[in-house]
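Have the picture open as you read.

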Amino acid sequence: MVGQGRYLYAISRDLDPAALADVPGLGGGRLDVLEHRGLSAVVSDVDLEEYGEEGLRRNLERLEWLEEVARRHDEVVHAVAEHGPVAPLRLATICLDDIGVRRRIDEWHAALEQVLDRVEGRREWSVKAFAPRAAAAQPAESAAPAEGGAAYLRRKKAETLTRAQGEEQAMQVAEEVHARLSAVSEASRRLPPQDPRLTGHVGTMTLNGAYLVDASRGEEFAEAVRAAQADHPDAGIDAAGPWPPYSFAMLEQR
Amino acid sequence: MTSSVEQHPLGRPDTQQAGGQIALVDLLDRLLGTGVVLAGDVVISLAGVDLVQVRLHALISTVREEMTQR
């Protein structure tokens, strides 16, 4: 039988349900706050036709569906973050009913407490850096029509070397920027570089960093970003945030 | 989402706008946990690029376990 499931958005503490009264859940559903063992779970009803195993398999491959769910999930997490520490759940964490939600909380209780302690009063910033795009490669034929074979090979070798050095240098810049920002953060992570076809960026992404920054150190962090930008004007250093601490609150679900 | 013109909005970060809308690609990076390599059943693609393989049984294990318990 397929019926309704409970979609789990986030875990918090001492969350007043009234705080979420104006925030719609997925499909316009009402958000409920389930209190269990000192934790507040934010949930809403979803149709298992859409969110059950078969539904997810089908729907996760539809970008419009995925974006809608991700955006709604994010809005709920943002709203919760306004009122207290938040441990966002991975997209599409679904239980059959409230009993199931409570069972999950029992199972993850210690980890949830740790996550909430770690992220309380802190937000996530994203900082990216890029390798400056190498000068457009000249087609060998048109560049040097009269060039001999040996000269051609020498030039190609030199070009390869220069490119390798450029990449090496860009990677070092990324390491250095990451180290500087990590020094003014409570925690940091390097996410895999993103594909330029998705982001429209030019050049190679050398740093896709996530930084957990304490509210009291926001200005210090911003200053570190500005200093890195000034030191590496070619690296395209780009900061965005503050966001809920997604990269530092994901629970491992096995 | 196949034309190159449409790809840009995915990646526009809210650089100037503190706390503004997060770029979809950044959001999915985080919500789907691409920080770890997932051996997956479903490959999520944006603009023809494989973004992440989602371990579907991990996502829906909750429901499945409960279903079998009843």
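Four bridges link strand β5 (residues 122–130) of chain A to strand β8 (residues 238–243) of chain A, and the two run antiparallel. In this pairing, A:Val127 sits opposite A:Ala239 in β8(A). This is a predicted model, where local features need pLDDT of at least 70, side-chain atom pairs count only at pLDDT 80 or more, and totals for chains, interfaces and linings use all residues. Residues are numbered from 1 along each chain as its sequence is written, while chains are lettered from A and ligands numbered from 1 in the order in which they are written.

Strands here are DSSP runs of E with at least two residues, helices are runs of H or I with at least four, and both are numbered from the N terminus. Two strands pair if DSSP finds at least two bridges between them.

| Pair (chain A) | Bridges | Direction |
|---|---|---|
| β5 and β8 | four bridges | antiparallel |
| β5 and β7 (205–214) | nine bridges | antiparallel |
| β1 (4–12) and β4 | five bridges | antiparallel |

Over in β7(A), A:Leu212 faces A:Glu124.

How many of the residues of β5(A) are buried? Nine of its nine are, where buried means 20 or more other C-beta atoms within 10 Å of a residue's own, with C-beta atoms placed from the backbone. A:Trp125 and A:Val127 are among those pointing one way, with A:Glu124 and A:Ser126 among those pointing the other.

Now for another sheet: β2-β3-β1-β4 of chain A is the order of four strands in an open, antiparallel sheet. Its edge strands, β2 (32–36) and β4 (87–95) of chain A, each pair on one side only.

Definitions and conventions:
Buried ≥ 20, exposed ≤ 12 C-beta atoms within 10 Å, placed from the backbone.
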